[in-house]
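The sequence and the model come first.

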Amino acid sequence: MSLTRLDSKSFEEKIYDNGEKCLVIFSRKTCHVCKEVVPVLEELAPNYEGEFGFYYVDVEDNKDLYQSFSLKGVPQILFFNDGEYFGKFAGEVEEEQIQEKISEILG
């Protein structure tokens with residue numbers, strides 16, 4: 001997997017301390033929809049290297065982090081900008097939708 005994995009500590013650093021512009025997919029290894037969405041993100045990530053981060057949180061390994069956002073189901077893609085929550089996508093999502101949201105954040 002080419003997306004950087006986050007746990008509670010690294011999530012805190014990347015999102016809140018560094019204020020990184022990024023997305024975080026909350027996923028599960030056994031989720032069929034996740035297995036379709038994650039490769040789309042992996043394909044997009046190199047296009048934004050250095051300006052927008054792509055991260056992965058395994059909800060089974062990081063239940064506390066998942067629950068802290070009151071998320072229901074997976075996959076959930078959360079967007080952040082300067083430490084602020086900037087919206088999300090749930091379930092299946094098109095590549096174009098993700099690119100539009102990233103463009104909105106990058107301004």
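Contact here means heavy atoms within 4.5 Å. The model is predicted. The mean pLDDT of the protein chain is 95, and 99% of the residues score at least 70. Among the elements of the chain, β2 has the highest mean pLDDT (98), while helix α3 (residues 63-68) has the lowest (93).

**Sheet**

Five strands make up an open sheet in the order β1-β3-β2-β4-β5, and the pairing is mixed. β1 (4-5) and β5 (84-90) are the edge strands, each pairing on one side only. Strand β4 (residues 76-81) runs antiparallel to β5, and 5 bridges join the two. Within this pair, Q76 has A90 of β5 as its bridge partner, and F80 stands opposite Y85 in β5. The hairpin of β4 and β5 has 2 residues between the strands, and D82 in this hairpin takes a positive phi near 50°.

**Helices across the sheet**

| Helix | Strands it lies across | Direction |
|---|---|---|
| α2 (residues 32-44) | β2 (22-27), β3 and β4 | about 160° to β2 |
| α4 (residues 95-106) | β2, β3, β4 and β5 | about 170° to β5 |

**Nonpolar cores**

The largest nonpolar core has 19 residues, of which L23, F54 and I77 touch the most other members. At least two residues of this core come from each of β2, α2, β3, β4 and α4. The element that gives the most to this core is α2, with 4 residues. Apart from this core lies another, of 17 residues, including L65, Y66, L71 and L78.

With neighbours within four places in sequence left aside, F54 is in contact with L3, T4, L23, L41, L44, A45, Y48 and I102. Is I102 buried or exposed? I102 counts as buried because its relative accessible area is 0%, against a limit of under 20%. Residues up to four places away in sequence not counted, I102 touches L23, Y48, F52, F54 and F79. The C-alpha atoms of I102 and F79 are 8.3 Å apart in space, with the two residues 23 apart in sequence.

Which strand holds D58? D58 lies in strand β3, which spans residues 53-58. D58 has a relative accessible area of 1% and is therefore buried. A polar atom of the D58 side chain lies 2.8 Å from the backbone nitrogen of E60. The contacts of D58, leaving aside neighbours within four places in sequence, are with R5, S27 and K29.

S2 is placed in the segment before β1. S2 counts as exposed because its relative accessibility is 55%, and exposed residues are those over 50%.

Technical notes
Residues numbered from 1 in each chain as written. Predicted model: local features only at pLDDT ≥ 70, side-chain atom pairs only at ≥ 80, totals over all residues. Heavy atoms only, no water. Buried < 20%, exposed > 50% of the residue type's maximum accessible area, 1.4 Å probe, protein only. Polar contact = N/O pair within 3.5 Å; in protein donor to acceptor, adjacent residues only side chain to side chain. Pairing = 2+ DSSP bridges. Axes fitted to C-alpha atoms, helices over the stretch in contact; angles between N-to-C directions. Core = buried A, V, L, I, M, F, W, Y, C linked by side-chain atoms within 4.5 Å. pLDDT = per-residue confidence, 0-100.
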